Amino acid sequence: MFFTIPTIMTWTRIVAIPLIVGVFYAPLDPATRNLIATVMFVVFAATDWLDGFLARKLNQTSSFGAFLDPVADKFLVCASLLVLVHLQRADVFVALIIIGREIAISALREWMAQIGASKSVAVHMIGKLKTAVQMTAIPFLLYDGRLFGVIDTGVWGTWLIWVSAVLTVWSMVYYLQKALPEIRARVK
């Protein structure tokens, strides 16, 4: 199940990272760079939903796909945040919160899986909400202009990325609380 349609779509999110970063080094005017990077991010982020849908629909789910999907998401989000910090459109503190949480929760989930308690840190609605807010904030910040002549995406993106940071901490606390009984039982 290494090269199924859903897995190939997941791989495209990883391949997209240098393309999105590279746009900001292309000899284009800033508005064009912003638009291209935003469209690329939205298209590649949409493959996250689509690859899961196709995996279930085509009966092509696999443990490799289940592993690769969240890794691709985290790479895409983390790379985009680093670009935004470099462009001074996102605060480094926000990026550290979000990236640090991703590392911590990934490690927690791996450990919980090793001890057979992965259900206690299964994806929860707060984690889904955090992801939805992030996936809205990042393209707003990449675009960094007026959308439809009305919406200042820089302002909205800044507010949303801070909301995302709060949700990030909240979701991390939630997952740690769920894992705490298992951690206490195993640590002597």
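Colleague: How many residue pairs are in polar contact across the interface of domain 1 and domain 2?
Modeller: This is a predicted model, and the residues in these pairs both have a pLDDT of 80 or more. Across the interface of domain 1 and domain 2, the number of residue pairs found in polar contact is 4.

Colleague: Which helix supplies the largest share of the side of domain 1 that touches domain 2?
Modeller: Two helices, helix 2 (30-57) and helix 3 (63-86), each supply at least two residues of that side of domain 1. By class, this side has 12 nonpolar, 4 polar and 1 charged residues. The largest share amounts to 8 residues, and the element that supplies these is helix 3.

Colleague: Which side chains meet in a salt bridge?
Modeller: The rule finds 1 salt bridge across the interface of domain 1 and domain 2. A pair counts when a side-chain nitrogen of Lys or Arg is within 4 Å of a carboxyl oxygen of Asp or Glu. With a separation of 3.3 Å, N to O, the side chains that meet in a salt bridge are those of lysine 74 and glutamate 102.

Colleague: What is the area buried between domain 1 and domain 2?
Modeller: The domain assignment gives domain 1 as 1-88 and domain 2 as 90-187, and the contact takes 17 residues from domain 1 and 17 residues from domain 2. In domain 1, the residues that lose the most area to domain 2 are Lys74, Leu81 and Leu84, which together give 34% of what that side buries. Carbon and sulfur atoms give 81% of the area buried between the two domains, which is about 1,600 Å².

Colleague: Is threonine 4 buried or exposed?
Modeller: Threonine 4 lies in the segment before helix 1 (5-23), and its side chain is joined to that of threonine 7 by a polar contact of 2.8 Å. Buried means a relative accessible area under 20%. Because the relative accessible area of threonine 4 is 9%, this residue counts as buried.

Colleague: How does asparagine 59 count by its relative accessibility, as buried or exposed?
Modeller: Asparagine 59 lies in the loop between helix 2 and helix 3, and its phi is near 55°, a positive value in a residue other than glycine. The cut-off for exposed is over 50%. Since asparagine 59 has 63% relative accessibility, this residue counts as exposed.

Colleague: What is the relative accessible area of aspartate 144?
Modeller: Aspartate 144 has its place in the loop between helix 5 (125-143) and strand 1 (146-147). The phi of aspartate 144 is near 50°, a positive value in a residue other than glycine. Aspartate 144 is partly exposed, and its relative accessible area is 37%.

Terms used: Residues are numbered from 1 along each chain as its sequence is written. This is a predicted model: local features need pLDDT of at least 70, side-chain atom pairs count only at pLDDT 80 or more; totals for chains, interfaces and linings use all residues. Side-chain values use heavy atoms; hydrogens and water are left out. Domain bounds come from an automatic or database domain assignment. Contact means heavy atoms within 4.5 Å. Buried area is the accessible area (1.4 Å probe) that two parts lose on being put together, summed over both. A polar contact is a pair of N or O atoms within 3.5 Å; within protein, one must be able to donate a hydrogen and the other to accept it, and residues adjacent in sequence count only if both atoms are side-chain atoms. Helices (H or I, at least four residues) and strands (E, at least two) are DSSP runs, numbered from the N terminus. Ala, Val, Leu, Ile, Met, Phe, Trp, Tyr, Cys and Pro count as nonpolar, Asp, Glu, Lys and Arg as charged, and the others, Gly among them, as polar. Buried means under 20% relative accessible area, exposed over 50%, partly exposed in between (1.4 Å probe, protein chains only).
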